[in-house]
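Good morning. I will go through one protein chain today, and I will keep to what can be read from its atoms. Please look at the display first.

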Amino acid sequence: MPVRFFNTYTREIEDFVPIAPPLVRMYTCGPTVYNFAHIGNFRAYVFEDLLERHLEARGFKVHRVMNLTDVDDKTIRNSRAAGAPLEEFTRRFKEAFFEDLKRLRIKPAAEYPAATEPRYIAKMIEMIRELESLGIAYQAEDGSVYFRLSRFPDYGRLAHLNLDELRPTGRIRNDDYEKESIGDFALWKAWDEADGEVGWDSPWGRGRPGWHIECSAMATALLGPELDIHCGGVDNIFPHHEAEIAQSECCTGKKFVRYWLHCAHLMVQGQKMAKSVGNFYTLRDLTEKGWSGREIRYALISVNYRLPLNFTFEGLAAARSALVRIDEWAARLTELAGTGSRASAHALAAETGFQTALDDDLNIAGALGHLFDTIRESNRLMDQGQFTAGDARALLNWWNGVNGVLAFEPEAAAIPAEIEALLDKRALARKNKDWPASDRLRDELAAKGWEIKDTKEGQRFVRRPEGAQAAQI
Ligand code: AMP
Ligand code: ZN
């Protein structure tokens, strides 16, 4: 079965066929670096990570570009409020963003262009000049340059808006606007006092780019005129992605993007998690409460990307339990794998259900269901002594492939010497059938955050995730 995705442009599930396989040219709208990203933003980035990893598991070579919006209305407003130069102000949030990506195990993109880099400002100006020469861009009396919407009849197709039904409201200088206020959008914004030190010289005087042209310029500069995949959250569809299509296609004459993929929002009590609503958590907020990056990753990835995901602490606690279950199973397999040389007899390791679920528009719920079925079945066989070391090795091999997509492996935590000594003591107590000592040592280990289970293969232990008490919140 080929890989298939729901394409926002056609509103249909389509077979995925990139322009020059195995290469996949992928562009993902990155953060606006005026604050720490919240976990709603990270839902979008975790979804894009799953997409990239699955495509790679299917043999594609993904070249992903994620931009950093480091100049726009919000970055300027907040840097001025903070009394810091724009560059210094955004640098801090760029660095924080990269730390957060690492904590969530999101694979680094091939490139992270920032809008203020001179080569991209030059590209934006070049594109606007091209649009102007075609009569599509015009400078208005306020000094700003606008895109003449009447020259691009396809505007609204991605968002499936009927422009005839919407009343044009003239020119729009803000980067973000509501569907009701459709109008010629700004490509280049003439400098005004609120911009302070921020500005670049251009054929239209000093000013700065609009948000939409930033993405068109960075995407086409790095990926060429035709992209295979463009992603973002659903809130990016209109006006941002709609404007990206209009600008890019008018400049290049080519179809800008083959497949548009958008993830639904992370919600809090029925509302989109958003800075403007104030109902958000940053990654830092949650790690301070004791949740690990991989637990948050699990919670964000585990619901199919086109469904809204409700953020709750119960959801995080469920992610924690699911990961403990996976850890225990993998530890059990690892232990068994080292106990003999018999070949594999079970077919579990040949299962492809995980991958085929993801082929179907990234059906992660189905894929995880398959993983937990496999865990249950192999645990049952191990309980019954019907699983050989060879079976365990083969299944671990399978798990390595699956985990290459999920990135759920435990945090690399060395076992402290003190814990090792307690584990050895307890193993000895059990050998001597000194059950009271064994129980006492188990309690002592539990108090230090190490859970012990006794199995036929010996004692197994998992480190209770950091701050497990937080699950009670
Ligand atoms: P921004 O920094 O606001 O430009 O957003 C960066 C990315 O996060 C975009 O792809 C947005 O669509 C996405 N995004 C923002 N809020 C949410 C949310 N609550 N749930 C999912 N994605 C979001
Ligand atoms: Zn963008």
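Helices here are DSSP runs of H or I of at least four residues, strands are runs of E of at least two, and both are numbered from the N terminus. This is a predicted model, in which local features need pLDDT of at least 70 and side-chain atom pairs count only at pLDDT 80 or more, while totals for chains, interfaces and linings use all residues. Residues are numbered from 1 along each chain as its sequence is written, chains are lettered from A and ligands numbered from 1 in the order in which they are written, and side-chain values use heavy atoms, with hydrogens and water left out.

Back to H2, which covers residues 73-82. At its start, a side-chain oxygen of Asp72 comes to within 3.1 Å of the backbone nitrogen of Lys74. Which residues of H2 are buried? They are Asp73, Thr75, Ile76 and Ser79. Buried means under 20% relative accessible area, with a 1.4 Å probe and protein chains only. These buried residues pack against helix H3 (86-103), strand S8 (184-190) and strand S9 (207-209). Contact means heavy atoms within 4.5 Å.

Next, helix H1, where Asp49 is found. Asp49 is buried, with a relative accessible area of 0%. Leaving out residues up to four places away in sequence, Asp49 touches Arg105, Ile106, Lys107 and Arg297.

Now the metal. What coordinates the zinc ion, ligand 2? The donors are Cys29 through SG, Cys215 through SG and His240 through NE2, at 2.0 to 2.2 Å. Donors are N, O and S atoms within 2.8 Å of the metal (3.2 Å for Na, K and Ca), and water is not among the atoms, so sites may look incomplete. Along the chain, the spacing of the donors is C-x185-C-x24-H. Cys29 sits in the loop between strand S3 (23-28) and helix H1 (39-57), and His240 in helix H6 (residues 237-252), so the pair ties together parts that are 211 residues apart in sequence. Cys29 is buried at 5% relative accessible area, and His240 is buried at 0%.

Last, the whole chain. The protein chain has 14 helices and 16 strands. Of its 473 residues, 54% are buried. Among contacts with a separation of 6 or more, 76% come from residues 24 or more positions apart. The C-alpha atoms fill a box of roughly 90 × 50 × 40 Å, taken along the principal axes.

Key: Buried < 20%, exposed > 50% of the residue type's maximum accessible area, 1.4 Å probe, protein only. Polar contact = N/O pair within 3.5 Å; in protein donor to acceptor, adjacent residues only side chain to side chain.
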